[in-house]
Structure formats: C-alpha cells, structure tokens
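This report describes the overall build of a protein and the surroundings of its ligand. The sequence and structure are shown first.

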Amino acid sequence: MSQHTAGIAHTAQEVTGWWRDAVIYQVYPRSFADSNADGMGDLEGIRSRLPHLSDLGVDAVWLSPFYASPQADAGYDVADYRAVDPMFGSLLDAEAVIRDAHALGLRVIVDLVPNHTSDQHEWFRRALAEGPGSPLRARYHFRAGKGARGELPPNDWESVFGGPAWTRVPDGEWYLHLFAPEQPDLNWEHPAVGDEFRSILRFWLDMGVDGFRIDVAHGLVKADGLPDLGAHGRLRLLGSSDAGLPFFDQDGVHDVYRAWRPILDEYAGERIFVAEAWTPTVERTALYVRPDELHQAFNFEYLVAYWDAVELRDIIDRSLDAMRPVEAPATWVLSNHDVTRHTTRYANPSGLGTQQRVAAEPALGLRRARAATLLMLALPGSAYLYQGEELGLPDVVDLPDEVRQDPSFFRADGQDGFRDGCRVPIPWTAGGPSYGFGAGGSWLPQPEGWGALSVEAQTGVPGSTLEMYRSALATRRTHPALGAGDTVEWLQAPAGVLAFRREAAGDGDAFVCVANTTGEDVRVRVPASARILLTSLPAAEGVKAGDGAALVPADTTVWFSA
Ligand code: GLC
Ligand code: CA
C-alpha cells in the first residue's frame, strides 16, 4: 500500500508489491467533476477532486479513456491514442493529474483500448479512402461479403452491442467490429499494430502513469479464417464450459502480453497491467496473469454473483485457487461503468443480469451493498471501487430514453444497454447546480435527492456510507491481515453466513469477517478474543460479541480483530 505522506516516486528500485493488495478507484472522467461548466467532467475537474480520493484512502486511481474520440462509445472509440480530447482538456492537464496524484500518494492507471480504434482514427480513414487492397486495410479486418453480389456479411458473428459484427462500406467490402460500427477491430496479426501499441505504452509510461487497464483484453486475436460461430449460436462470456468463441480468449492473445510485459518492467516504480478479460472460467482468466504477462485481471464472476453465501463462497474459493499457482493476487469488484451498480442489483431478486432498470427495494439494496463492500474489502488481494459507490449511489433507473447515450441502447430495441444508469454525474455538494459536479448542468440528468447522497452531506456523519468506506480503508492500512496473503480460513457458520479468519504472516495480526447474507439475525461462533472493528450498519446497534459468539443482524457484515 502507498505511504500517503511520501508521495509516489519512480526512482526508487525497492520492490513493494504495492499492487498486490491495492484498492483501486475507477474514475469515469465525463461524470466525475466538471471544471468549466459545460456539463461534462474533465481532467481539471479530476485534478481538483484528488484530495477526496486520498482522504478516502485508496491506493490508485484508474481513469477511463480521456483520449481524442468522437465519443460513439463514451471514449472507448479512440481516434488518437496520444492526444487528450479537448472536451476533457489537454496533455498538460493529464500531466497535472498524474503529478498531483503522485504528490498525494496516489498511483494513476490509464485505460488502453487495443482491440479496436475509432472509425475516425487516421488509419481507418485512410483505409477507407484508399479502397480495397490498400495496405491500411490489412491493419483491420476487411473482407469481401458472401452471396452472389457480396451482399451478405463474411461470417455470422454478432456485435456485443447487438446486430451483425460487420458493416459494409460503399466500395462493397465489409469490416469487422465486435462492438459499435464506429469501433472497427484491429488486426493483431499485422506487425504495424503491435509496433504502434508498444509505442503508445511508452508514450504514457514516459508521462509517468503507473499502469494500464486493458480494454477487451480477451478480444485482440481472432481464430484463423474467422470461422462461423455456427452451433455456438449465442454470445456467452462467462460460465460456459466450451471456450469456443472464435473472437474471444484465443490462446494467441497471450503472445501480445508477453511482448508488452518487458516494456513495463523497463520502467522503475512497479507499474502494472490489469486485464478486462471476460473468459469462460477463472482458470482461463488466470492465464492472463502468469508471471510474464499481466499483473491482475478483473474478477467478473465475483461481480455477477448475487448476495448469496453459497455463490459467493464458491467464487471466492475458486478465484483464490485459480490465482495461487500463477502467484497473481485475486481481485474483487462489485461495480463499474458497464454494469448496474451493486446497490441496485441487490435491491432486486437475483437472475436479472447486470443491466437493470428497476430498484425494487432500494433500502435493502443499500444495506446489502454496504455489507457486500465490507466482505469484498476483507478478502485477500486487490479490490476495485467505482466512483460513487462510496456514496452508496444507486443506478438511476428512470432516465428518459431520449437522454440515454449508451450505444448498445439503440442497437438492441431497448432490451439491453442500460449502462447510462451507472454513469450519472456524481454529487459533491448538498445543493447548487449539478450538486457540485460543476457550475453548470450535467450531461445526464441527476435525480432529485442526489444532494443527500453527496460527499458534503455524508462527510463526518457517523455511519454514513462514505464514512464506512473511509473507516474500512483506514482499517485495511492498520491491519495487514486484511488484504495480504492468498487464503481465507473458513469458520463454521450457519447457512447463509460467511465467516472467515485471516492472519498476517509474521506479526500475529488476526482478523475475522462475518457476512450474514440472510434476512434474519444470526448467532455465529467467533474466537473468544474477537472485538468489533467495524460493521456495515449505520450504527453498531444490534451487533453483539462476547463469550465466543456474535449476534450479526440480517444483511450485515462485521469485522472483528481476533
Ligand atoms: C469494454 C468497456 C466498455 C466498452 C467496450 C468496448 O467492455 O468497459 O465500456 O463499451 O469495452 O470498448
Ligand atoms: Ca467540462
């Protein structure tokens, strides 16, 4: 973990393994803070709010894309990887964010989007202009169509956002896009593509970033000949035993990361890669974090698990077991910019998926979300937080269709694509225009009542969600038994309850976590020495511990020192 007073220097050669138990906070730039009242968050807004993140106690910040982009997919369509979009500021502003973050002891991870460019990227524009046979077309996947006049797409792949994964250009060829048509997939078999991305890595490493989050890390390499999906039929990203998708999780993708790792290792300061890799199993995910590849991968199976002790224990065990042989830390995540916030997911029954437009029982959702957060932060390894979850923000489930911007919303007949609900600009102050997000409006409307959830309204209020997060992160710093290591020792507990013990190597710091996922109070055996450190309830009322037993209320997590 970082020393907040010392700042981050890239000159020290000492190996700290800071990332192995780091808590990393995701900033979604357009929705974090707006410095110039245009309703859109920006880098100067981020810079001005960095003290909130150091006060919160996180170790690093991951910034979603702020590069030059036509914003067809909120910046995940990059037109120039070495430029900042004017809507977010300039390269100087990016440098200022990195410098100020380092001075506050925060590391900075930026997003890298190597699977596809924007259709406005110079390569793609030239590829289109130069026509069939142009060498630039070979950097993407251009093909002739099927059918007598080439009027059918080259294969049967579907875009993740809905509709065919191919678009036909005026000269008759088709190009592949696993996401929106404005996001043509790069051809990673072409040497110029690899050269370009190695150079982009150096550009940002030279600027001082501490690492990269790799977008669609499982997608870069496609199966030879781009074979039809055929019987596989539907896109399944998780939990399918057949690792058969010809465009995801191909073995060849690991060569890309083996070529990247030495570049990172040339730079001082233990810089890291984290993969956004949706794979069928945690064992497949572990392949991305072998010692000569990436450092971490998001644990999406954990994210999609419900607030259910059996499901959670299963994925916790399988994650730790999968990561141990490759010596990578397990990671944990509950929310990000692509899924319904966990406060809202847990307000609903299980089985609704990650994109939801309802919040059946909001108070229950928040209570469970707080309990889930304390469970997550007690596990060994590294945890990812998404901006606003420290405020207990729910998804905004009633955004009018006409303000939605998620490209998948428009491509799936409104059946899916509700990612805007977790992207509403966050409230900093109890009142004022856009609740302190900026001096003007906000690009998505904020709901009434957002002010009561603001940083200002929750700061210093005992038991507020923000103070719970602050206490939890402070406790992680003072109790090394929380994040460290790679095992949990499960304790006996009633059905629906997770109880485990952790011990820091060497210094005898021991810790017990009890998470009650049921709707009933439970009595749990804990070591006689157990003392309550923190609970997910607004006040410790209801939790009792003594004589080797603890009473833990419904949907509550309790941390004990033991
Ligand atoms: C990743 C991003 C998501 C984006 C997609 C295409 O999944 O997290 O926001 O739409 O990649 O780049
Ligand atoms: Ca702005």
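## Overall fold

The model is predicted. Its protein chain contains twelve helices and 21 strands. Along the principal axes, the C-alpha atoms occupy a box of roughly 80 × 50 × 50 Å.

The radius of gyration of the protein chain is 23 Å, which agrees with a compact globule, because a globule of 562 residues would have a value near 24 Å. Of these 562 residues, 61% count as buried. Among contacts in the protein chain with a separation of 6 or more, 68% join residues 24 or more positions apart.

## Polar contacts and burial of the ligand

Side chains of His116, His337 and Arg419 place polar atoms close to oxygen atoms of ligand 1. For His116, an N or O atom of the side chain is 2.9 Å from a ligand oxygen. A polar side-chain atom of His337 likewise lies 2.9 Å from an oxygen atom of ligand 1, and for Arg419 the distance between a side-chain N or O atom and a ligand oxygen is 3.0 Å. Taken alone, ligand 1 exposes 310 Å², and the protein buries 96% of that area.

Technical notes. Residues numbered from 1 in each chain as written. Chains lettered and ligands numbered in written order. Predicted model: local features only at pLDDT ≥ 70, side-chain atom pairs only at ≥ 80, totals over all residues. Heavy atoms only, no water. Polar contact = N/O pair within 3.5 Å; in protein donor to acceptor, adjacent residues only side chain to side chain. Areas by Shrake-Rupley, 256 points an atom, 1.4 Å probe, with all protein chains shown as cover. Helix = DSSP H or I, 4+ residues; strand = E, 2+ residues; numbered from the N terminus. Rg over C-alpha atoms; globule rule 2.2 N^0.38 Å. Buried < 20%, exposed > 50% of the residue type's maximum accessible area, 1.4 Å probe, protein only. Contact = heavy atoms within 4.5 Å.
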